[in-house]
Amino acid sequence: MSSQQSTHSGRIAVVTGAAGGFGHAICRELALRGADIIAVDLKPAEHTVAAVEEAGRRALMLRADISDPEQVEALAPSLLDFGGGVDILVNNAGVFPFKDVFELDFAQWKRTQEINIDSQFLMAKAVMSSMRDRGWGRIVNLASNSLGLAVPGMVHYMASKGAVVGFTRALASDLAPYGITVNAISPSASRTPGGERFIGEDMLRTVAGMQAIKRVGTAADIVGLASFLTSEDCAFVTGQTVVADGGLVRH
C-alpha cells in the first residue's frame with residue numbers, strides 16, 4: 001500500500017447511502033486508503049461490502065431508515081462496536097425529487113427534509129461523542145450546487161440542502177474544540193444510478209454543456225475531495241462547503 005493509499009489507515013468510516021453511486025464510490029476509495037467501512041443504507045449494499053473487502057479492508061453492512069430516530073438509535077451500538085468507535089462520518093444519503101411547487105404537499109416537503117437533513121443530524125449525534133472521546137473526527141455532509149442555480153420544481157430539495165450548509169457551519173463551530181472537522185461537498189448532477197433515474201441523460205448532457213468542464217460528472221469526480229476532507233490533511237479546514245461541479249456555479 002502506497003503512502004497516499006494509507007492516508008486513512010486504521011480509521012473507521014461510516015458512509016450513509018452506501019448502496020448508491022456516490023456512497024459506493026466513497027466507501028471503495030476510503031477502503032483503498034486504509035479505512036474499515038460501515039456501509040449504511042435502506043437498500044442492500046452487498047456490492048459495496050464486496051468492493052471494500054476486495055480492497056483488503058473490513059466491512060459491515062447495516063440497513064436502516066436513518067431519517068427515523070428510533071432506527072438510528074437502534075443501530076448506534078453496532079456503529080460503535082465494529083471498531084471500538086467511529087472516526088469518519090460521510091452523510092451521503094439523500095433524495096432529489098422534482099415537484100411543481102403548486103402540486104407539492106406538506107407530506108412530500110416533510111419527507112424530503114427528513115431524509116436530506118434530519119438524517120444528517122441523527123447520524124452525527126450517533127457518532128460525535130465517540131469522535132470527541134477519541135480526540136479526532138471528520139464529518140462530511142453532502143449538499144448540492146443547486147443552491148447557486150435557478151432550478152424549478154425543487155423548492156423542497158433546495159430548502160433541505162440549504163439547511164445542510166447551515167448545519168455544517170454551525171456543527172463545525174461546536175465540534176472544533178474536540179479535534180473534529182465538519183465540511184460539506186456540493187456536487188453537480190452526475191451520471192450515477194440516481195442521476196440517470198431522476199434527472200435523465202438529456203438533462204445531464206444539458207447541464208454538462210453549461211459547465212466549464214464540459215462532460216457529465218461521475219461519482220469518481222468527488223471521491224478525491226471526500227478523501228481529503230476525511231483525512232489528517234484536513235485538520236485546519238472546517239465549516240466549508242466545497243463545490244465540485246465542473247465549474248457550473250460560475251454562471
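Let me start with helix H4, which lies across strands S1, S4, S5 (137–142) and S6 and runs at about 170° to S4; lying across here rests on contact, meaning heavy atoms within 4.5 Å, and the angle, on a scale from 0 to 180 degrees, is taken between N-to-C directions of lines fitted to C-alpha atoms, for helices over the stretch in contact. The helices (H or I, at least four residues) and strands (E, at least two) are DSSP runs numbered from the N terminus.

Before going further, please keep in mind that this is a predicted model, in which local features need pLDDT of at least 70 and side-chain atom pairs count only at pLDDT 80 or more, while totals for chains, interfaces and linings use all residues. Residues are numbered from 1 along each chain as its sequence is written, and side-chain values use heavy atoms, with hydrogens and water left out.

Staying with H4, its 29 residues (106–134) should span 42 Å at 1.5 Å a residue, and the end C-alpha atoms are 41 Å apart, which agrees; the expected span is 1.5 Å times one less than the number of residues. At the start of H4, a side-chain oxygen of Asp 105 comes to within 3.2 Å of the backbone nitrogen of Ala 107, and just after the helix Gly 135 takes a positive phi of about 75°.

Now to the sheet, which is open and has seven strands in the order S3-S2-S1-S4-S5-S6-S7, with parallel pairing; two strands pair if DSSP finds at least two bridges between them. The edge strands, each pairing on one side only, are S3 (59–63) and S7 (241–244), and the twist averages 15° from one strand to the next.

What does S1 look like within this sheet? Five of its five residues are buried, so S1 is largely enclosed by the rest of the structure, buried meaning under 20% relative accessible area with a 1.4 Å probe, protein chains only. Ile 12, Val 14 and Thr 16 point one way from S1, and Ala 13 and Val 15 the other way.

I will finish with Asp 245, which sits in the segment after S7 and, at 5% relative accessibility, counts as buried. Its side chain and that of Asn 145 are joined by a polar contact of 3.0 Å, a term for a pair of N or O atoms within 3.5 Å where, within protein, one must be able to donate a hydrogen and the other to accept it, and residues adjacent in sequence count only if both atoms are side-chain atoms. Not counting residues up to four places away in sequence, Asp 245 also touches residues including Ser 186, Pro 187, Ser 188 and Gln 211.

Terms used: Buried means under 20% relative accessible area, exposed over 50%, partly exposed in between (1.4 Å probe, protein chains only).
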